[in-house]
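Here are my notes for you, written as numbered points. Keep the viewer open and find each residue as you read.

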Amino acid sequence: MMMGSGRKYGKRCTDNMRSVDVRNLRRDGLLKPGSVFELSWTWRGKAEAAIAVAVTADRVRFVYCNSERGGPWEDVDCTAMLDHTPMHFGGVQTWWRCPCCHRRAALLYVGRTMACRHCWNLAYRSERETEEDRALRRAGRIRRRLGWEPGIANGRGTKPKGMHWRTFWKLCAEHDAYANQALGMLQAWLRRR
Ligand SMILES: [Zn+2]
């Protein structure tokens, strides 16, 4: 069994998120100043989500309602700047500037705000870091410090040269505590399945 990461149990965040592609909007002529329109998504034939969009000269405003994992609905009103870069063979490429990090992006993903892939994956990583991940990460850090083979399934290694025995035993005890914590949570997770 692999025990390197708790992340195997979850999907990457942006895989199941709706996105707005600036290239499609431009191609469809929707990015003209003064343009107002609605984007909607359907799921099994039913309208599921809609975003009101308003365009000014250099920015696009998104207004919609959002619910996180079946939680309460919240109004979202956010604005993304538009940016243009020259293309190799002439013409310009249009980009969003992510409202969160201001990086250029072709896609903005819809959630409690509009944001680029990087921002969602970062948010996802810190939000979804479970106790188990944390325990594994801490055990892993101790293993690296001791020069042990990675992975708590590999058990204890030996004392590195030049390290005091007291330090070594202290680190061993900490390592075992984190490893047991992670294993306990992993077993509980397996039982739930
Ligand atoms: Zn971003």
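1. Which residues in H4 are buried? They are His175, Tyr178, Ala179 and Ala182. "Buried" here means that 20 or more other C-beta atoms lie within 10 Å of the residue's own (12 or fewer is exposed, in between is partly exposed, and C-beta atoms are placed from the backbone).

2. A word on what you're looking at. This is a predicted model, in which local features need pLDDT of at least 70 and side-chain atom pairs count only at pLDDT 80 or more, while totals for chains, interfaces and linings use all residues. Residues are numbered from 1 along each chain as its sequence is written.

3. Now the overall plan. The chain has 4 helices and 9 strands; these are DSSP runs numbered from the N terminus (helices are H or I with at least four residues, strands are E with at least two). Along the sequence the pattern reads β-α-β-β-β-β-β-β-β-β-α-α-α. Of the 193 residues, 17% are buried.

4. Take helix H3, residues 131-146. With 16 residues at 1.5 Å each, H3 should span 22 Å, and its end C-alpha atoms are 23 Å apart, which agrees. The expected span is 1.5 Å times one less than the number of residues. Buried in H3 are Glu132, Ala135, Leu136, Ala139, Gly140, Ile142 and Arg143. Looking down the axis of H3, these buried residues fall within an arc of 160°, so they line one face of the helix.

5. On to the hairpins. Strands E5 (residues 73-86) and E6 (residues 92-97) pair antiparallel over 6 bridges; strands count as paired if DSSP finds at least two bridges between them. Met81 sits opposite Arg97 in E6. This hairpin has 5 residues between its strands, and Gly90 in the turn has a positive phi of about 95°. E6 also pairs antiparallel with E7 (residues 104-105), over 2 bridges, and there Trp96 has Ala105 as its bridge partner. In that hairpin, with 6 residues between the strands, His102 has a positive phi near 65°.

6. There's an open sheet too. Its 3 strands come in the order E1-E8-E9, with antiparallel pairing. E1 (19-21) and E9 (114-115) are the edge strands, each pairing on one side only. E8 (residues 107-110) and E9 are joined by 2 bridges, and Val110 has Met114 in E9 as its bridge partner.

7. Finally, the nonpolar cores (sets of buried Ala, Val, Leu, Ile, Met, Phe, Trp, Tyr and Cys residues joined through C-beta atoms within 7 Å). The largest has 18 residues, and Trp96, Cys98 and Leu108 are among those with the most contacts inside it. Elements giving two or more residues to this core include E6, E8 and E9. Beyond its neighbours within four places in sequence, Trp96 is in contact (C-beta atoms, placed from the backbone, within 7 Å) with Val22, Ala80, Leu82, Ala105 and Leu108. A second, separate core of 8 residues includes Ala135, Ala139, Ile142 and Tyr178.

Note on methods: The arc is that of the directions from the helix axis to the C-beta atoms. Two residues are in contact if their C-beta atoms, placed from the backbone, lie within 7 Å.
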